[in-house]
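Dear colleague,

I am handing over the structure below, and after it you will find a description of what was found in it. Please read the two side by side.

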Amino acid sequence: MPLPGGHADLTALRDAIASGATSAEQACAATFAGIKAHGAALNAFHETFEEDALARARAVDADRAAGKPLPPLAGVTLAVKDNICTVRGRTTCSSRMLGNYRSPFDATAVERLERAGAVVVGKTNLDEFAMGSSGEHCRWGRVANPWDTGRVPGGSSAGSAAAVAAGLCAAAIGSDTGGSIRQPAAFCGIVGLKPTYGRVSRWGLVAFGSSLDQIGPMTRSVRDAALLLDCMSGTDDRDSTVADRPPTALAATVERPLERLRVGMPRQYVSDANDPEVNEAVAACADAYRAMGATIVDVDLPLTDAGISTYYVIAPAEASSNLARYDGIRYGHRAAMRPGDDLAALYARSRAEGFGPEVQRRIMLGTYMLSSGYYDAFYTRALRARRRIKEEFDRAFAACDVLLGPTAPTPAFAFGANDDPLAMYMCDVYTVNTNIAGICGLSLPAGFAMRGGKALPVGVQLQANAFEEERLLRAARMLERAVAARTSAHAPAVHA
Amino acid sequence: MAHDANAPSLTAAQVAHVARLAKLELAPEAVERFRPQLAAVLGHIARLDSLDLAGAEPMAHPFESHNRLADDVPVEGLPIEAILMNAPAVEGRFLAVPKVLAEES
């Protein structure tokens, strides 16, 4: 189903604005009409910036009328996950802790996308501090899946995924620490790209797991993901962990199929634990690649299962350190003082009141594993496993160009179905290793599963080695084209 | 040591201790709620014990990054007003905090 106005994706909208077939103001007004009609049903947005966005859209139209050259994203509507700092509005991380937080600066990614002409329409809902795989752990209510509002959209970039799938914006950005872009993209039937660690500056992304976090695009097409990454990647003096590389130029090559492509299929990725439709979608994609002349390579990744154990040491350890900054003193929630309170009591009560249960769980896990006597047994051991996981990928990518497998073991599940924290963590079994190794991964729609008479999207994941986004996106574009008949059979129940 | 963490043996006292280290004020009911959840996750993580990791160097970061030095050129910081705008309590140009030192008797 196209965006309001009939545009297939962000690139098509951009072209229509540039050619004068539509105005940026018209596209922006249609976006807000969609948000007003469907926003409440999905709870995808924390905050929207209608007046401001319309003013920016009019400025694009004025530039065009004056014959000025338009930047690559001129006038397209973009949503920003609410753990990415914007001067406009608040940056809450869906947490009481930052309920009134106003960032004094824009994230580098936001600054670059706006400079490229994107019109930010609002901030999207997420699992608190990006910790969650369902969009249920949100301070101001859960997010619903546009395909079936009784089901989760996935998480943590829940609102960004739901908004893009429902056509409430042309594209969005999210963040991915263990699958938080790719898994909700799979559940909502859109494209989600986790770039290589260091591809996009983390300046202005509220830190969760600093060695794992990346900002990335969530889009209606592979070419849109290429275009957005081109506009936000590249080195940045404000992030010492960003790669010293120029911005990508993927939009120029994404339509060109790869010749002699070798697609690796890790045998651990197709498991009886997956829903049958998930395995079927992966098999159909392998067939599609074969039909295009690609070679399918059998790959062994025995550490796939160890990823969750490794991840749930490293991510909570880094989170417990990063979230130590929230003490109720300089910014964030401060509890009311009681007689006899000292500073330590104030910290502990402010944090207990400010953080929700999932965030507290992860802080405690991390604190435990980093505490005296446990550090080597947990943290150092997990870092050793991380090395082995990285080596395993390096061996795999010596024999193939991309890896193909499921994004998640199941399609979107019902609200409350994974209330047990460990069960929820297992949703990320196919995505966490991408972050652990720092490589790139992308989820794209590949089919459907019928549940209760409703069609739910099924996504597949492609992974490529570090800084191989060009290969990843070209391979993804080939597949997107080849499975189009499978993925266009149904439309979301909620759509603008 | 990891065996010590192996699931069911996590006690309420251990959870309360970790909460103190993490600076989280937890009611006894919250400790009881978290105890089995944390134990289950730690039990799962204990699977790392079965991996042969001999000779694997710990990898803290995806890329071996070294100290990255910026040019020694002063840049403008954020203005004080921008910093104070998010502070829960302010006195003039300062952050207001509770008394840190006990009063002398």
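**Strands and their partners**

In chain A, A:M265 stands opposite A:D298 of β8(A), where strands and helices are DSSP runs numbered from the N terminus, with at least two residues of type E for a strand and at least four of type H or I for a helix. Please keep in mind that this is a predicted model, in which local features need pLDDT of at least 70 and side-chain atom pairs count only at pLDDT 80 or more, while totals for chains, interfaces and linings use all residues. Residues are numbered from 1 along each chain as its sequence is written, and chains are lettered from A and ligands numbered from 1 in the order in which they are written.

The strands β7(A) and β8(A) run parallel and are joined by five bridges, two strands being counted as paired if DSSP finds at least two bridges between them. Four of the five residues of β7(A) are buried, so this strand is largely enclosed by the rest of the structure; a residue is called buried if 20 or more other C-beta atoms, placed from the backbone, lie within 10 Å of its own, exposed if 12 or fewer do, and partly exposed in between.

Both strands belong to an open sheet of 11 strands with mixed pairing, in the order β1-β3-β2-β4-β6-β5-β10-β11-β9-β7-β8 (chain A). At the edges stand β1 (45-48) and β8 (295-299) of chain A, each with a single partner strand, so one side of each is left without a neighbour in the sheet. From one strand to the next the twist averages 30 degrees, where axes are lines fitted to C-alpha atoms, for helices over the stretch in contact, and angles run from 0 to 180 degrees between N-to-C directions.

Elsewhere in the sheet, β9 (residues 402-406) and β11 (residues 454-464) of chain A form an antiparallel pair over four bridges, and A:L404 stands opposite A:L462 in β11(A). Helix α8 (residues 276-291) of chain A packs on the sheet, where it touches β7 (262-266), β8, β9, β10 (440-451) and β11 of chain A, and its direction makes about 120 degrees with that of β10(A); residues are taken to be in contact if their C-beta atoms, placed from the backbone, lie within 7 Å.

For β2(A), five of the five residues are buried, so this strand is largely enclosed by the rest of the structure. Both of its faces are covered, with A:T77, A:A79 and A:K81 on one side and A:L78 and A:V80 on the other. Five bridges join β2(A) in parallel to β3 (residues 119-124) of chain A, and the bridge partner of A:K81 there is A:T124.

**Helices and single residues**

The 14 residues of helix α15 (residues 469-482) of chain A should span 20 Å at 1.5 Å a residue, and the end C-alpha atoms are 20 Å apart, which agrees; the expected span is 1.5 Å times one less than the number of residues. Among the buried residues of α15(A) are A:L472, A:L473 and A:M478, and its buried residues pack against α7 (222-232), α8, β9, β10 and β11 of chain A.

A:E25 lies in helix α2 (residues 24-42) of chain A and is buried, with 21 other C-beta atoms within 10 Å. Leaving aside neighbours within four places in sequence, A:E25 is in contact with A:L54, A:A57, A:R58 and A:D61. By contrast, A:N100, in the loop between β2 (77-81) and α4 (108-115) of chain A, counts as partly exposed, with 14 C-beta neighbours inside 10 Å.

Chain A is assigned domain 1 (10-256) and domain 2 (306-383), with bounds that come from an automatic or database domain assignment. The contact between them takes 20 residues from domain 1 of chain A and 17 residues from domain 2 of chain A.

Between the chains, 56 residues of chain A are in contact with 44 residues of chain B. The largest share of the side of chain A that touches chain B comes from α12(A), with 12 residues.

With best wishes

Notes
Contact = placed C-beta atoms within 7 Å.
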